[in-house]
Amino acid sequence: MERLSVAAATAVCLLLATTLPAMANGATAIGDVQRAMEALAATPGVVGAIGGAYVDGELAGRGTAGSRLLNGKGGTIPADSRFRIGSQSKTMVATVLLQLVREGRLGLEDKLAELLPEVAADGLVERADEITVQQLVQHTSGVPDWFHHSGSTAPAFDVFDFTTYYRPIDLVKMTRGRPRTGEPGEMYTYSNINYTLIGMIIEKVTGHALARELDRRLFRPLGMTGTYQATKPPEGIKGPHGHGYYPDSTGTSRDVHRFNASWGNGAGGVVSTTHDVSAFRRAFDQGRLLPPSLQEVLTGGSAQQGTGLCGGKLKGQMLGGSAPGLTTLTFASTDGRQQFAISVTRSTADDNAIVPVVIKTVEAVLCPTA
């Protein structure tokens with residue numbers, strides 16, 4: 001999964017997540033979500049877009065525009081349909097890991113080599129005996145990513161392979177021989193491998209599949225009835241949904257809605273809805289999932305910095321995800337009162353031109369009087 005990249009404002013990717021500047025709590029006015037989706041769907045490269053805004057846990061606005069399939073075909077995407085959330089999954093996976101830390105089943109300073117000796121064998125992950133759990137969570141491990149070829153924005157795998165099952169350890173093996181991005185703990189460098197490894201750690205410590213732990217600890221308790229972790233092909237998106245497209249070597253747009261679930265794992269495998277993503281963010285920001293000290297490990301206090309939206313009146317975070325054919329973004333206010341989730345299906349190889357428009361869409365809905 002790659003990280004959401006925002007050329008002019010922030011960044012978005014499939015298995016990556018990014019945080020936008022913060023804002024001061026207060027604004028609750030919600031603009032016209034349907035009109036905002038129509039403007040977003042008019043962006044070149046966008047196939048379809050859905051969005052849902054929530055205030056105090058209640059639906060405040062919903063919209064859908066564009067089409068379910070390419071070239072205006074298939075009707076509109078149901079506004080309450082499921083979509084892949086990409087790297088927004090990472091916050092959910094990290095929450096499960098940190099709950100295990102809270103329960104004393106592992107520690108933030110535990111070493112990767114101790115938890116997963118199989119990735120330390122034969123130097124598969126270099127410096128595994130120095131890399132800590134906290135460094136994996138915070139992307140400071142220095143382990144190179146598997147998603148891209150070095151120095152390239154193109155995926156390092158066959159985007160159109162919808163059937164081969166790749167185990168998490170197979171993804172780890174893809175990093176062998178790639179240069180490290182730094183010393184353990186030295187610097188932040190976004191790498192999907194960190195969360196591939198976290199998913200493996202969760203499964204090793206609990207003895208259960210990651211999908212089961214996510215469902216047991218988050219999805220069911222929070223009433224996220226439309227959410228699940230896709231794990232193996234051909235598992236895809238259940239129910240009617242938007243289809244994303246990706247250009248092949250001839251430039252022809254090909255449907256990638258059956259994107260291989262193997263690549264997700266801990267880095268970006270969750271399928272959800274605007275309601276459910278918002279429910280998770282509401283619970284997370286209200287401190288119902290982790291104690292403050294562990295929540296701080298994940299957020300780093302980033303939600304308390306910056307000036308933010310609506311003239312500095314609205315404090316929060318925007319977390320995004322991107323993959324072939326899709327871009328997602330969710331705004332969540334720091335106090336847990338407001339959320340606005342957007343899913344975009346696209347036909348472009350990247351989303352550099354789309355993400356800034358998505359951000360403007362967030363501002364149009366959450367700051368309607370600006």
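Student: How many aromatic pairs does a search of the whole structure find?
Tutor: Keep in mind that this is a predicted model, where local features need pLDDT of at least 70, side-chain atom pairs count only at pLDDT 80 or more, and totals for chains, interfaces and linings use all residues. Residues are numbered from 1 along each chain as its sequence is written, and side-chain values use heavy atoms, with hydrogens and water left out. Rings of Phe, Tyr and Trp (its six-membered ring) pair if their centres lie within 6.5 Å. Searching the whole structure that way, the number of aromatic pairs is nine.

Student: What is the distance centre to centre for Phe 157 and Trp 263?
Tutor: Planes under 30 degrees apart count as stacked, over 60 as edge-to-face and the rest as tilted. This pair has 25° between the planes and is stacked. Centre to centre, the rings of Phe 157 and Trp 263 are at 4.1 Å.

Student: How many residues apart are Phe 157 and Trp 263?
Tutor: Helices (H or I, at least four residues) and strands (E, at least two) are DSSP runs, numbered from the N terminus. Phe 157 is in the loop between α5 (133-137) and α6 (168-173), and Trp 263 is in the loop between β7 (253-255) and α9 (265-268). The pair links distant parts of the chain, with a separation of 106 residues.

Student: Are Phe 280 and Phe 284 buried or exposed?
Tutor: They form a tilted aromatic pair, 6.0 Å centre to centre with 35° between the planes. Because they are four residues apart in helix α10 (residues 274-285), about one helical turn separates them. Buried means under 20% relative accessible area, exposed over 50% and partly exposed in between (1.4 Å probe, protein chains only). Phe 280 has 2% and Phe 284 has 1%, so both are buried.

Student: Which ring does Arg 254 lie over?
Tutor: A charge sits over a ring if NZ of Lys or CZ of Arg is within 6 Å of the ring centre and within 35 degrees of the ring normal. Lys 232 has its charged end over the ring of Tyr 165, 4.9 Å from the centre. For Arg 254, at 4.0 Å from the ring centre, the ring is that of Phe 160.

Student: Which strands are at the edge of the open sheet of five strands?
Tutor: Two strands pair if DSSP finds at least two bridges between them. The order here is β3-β2-β11-β10-β9, with antiparallel pairing. The edge strands pair on one side only, and they are β3 (58-66) and β9 (316-323).

Student: Which residue in the turn between β10 and β11 has a positive phi?
Tutor: The two strands form a hairpin with four residues between them. Phi is about 80° at the turn residue in question, Gly 336.

Student: Are α2 and α10 parallel or oblique to each other?
Tutor: Two packed helices are described by the angle between their axes and the distance between the axes. Axes are lines fitted to C-alpha atoms, for helices over the stretch in contact, and angles run from 0 to 180 degrees between N-to-C directions. Helix α2 (residues 89-102) packs on α10 at about 45°, with the axes 11 Å apart. Angles under 35 degrees count as roughly parallel, over 145 as roughly antiparallel, 65 to 115 as roughly perpendicular and the rest as oblique, so α2 and α10 are oblique.
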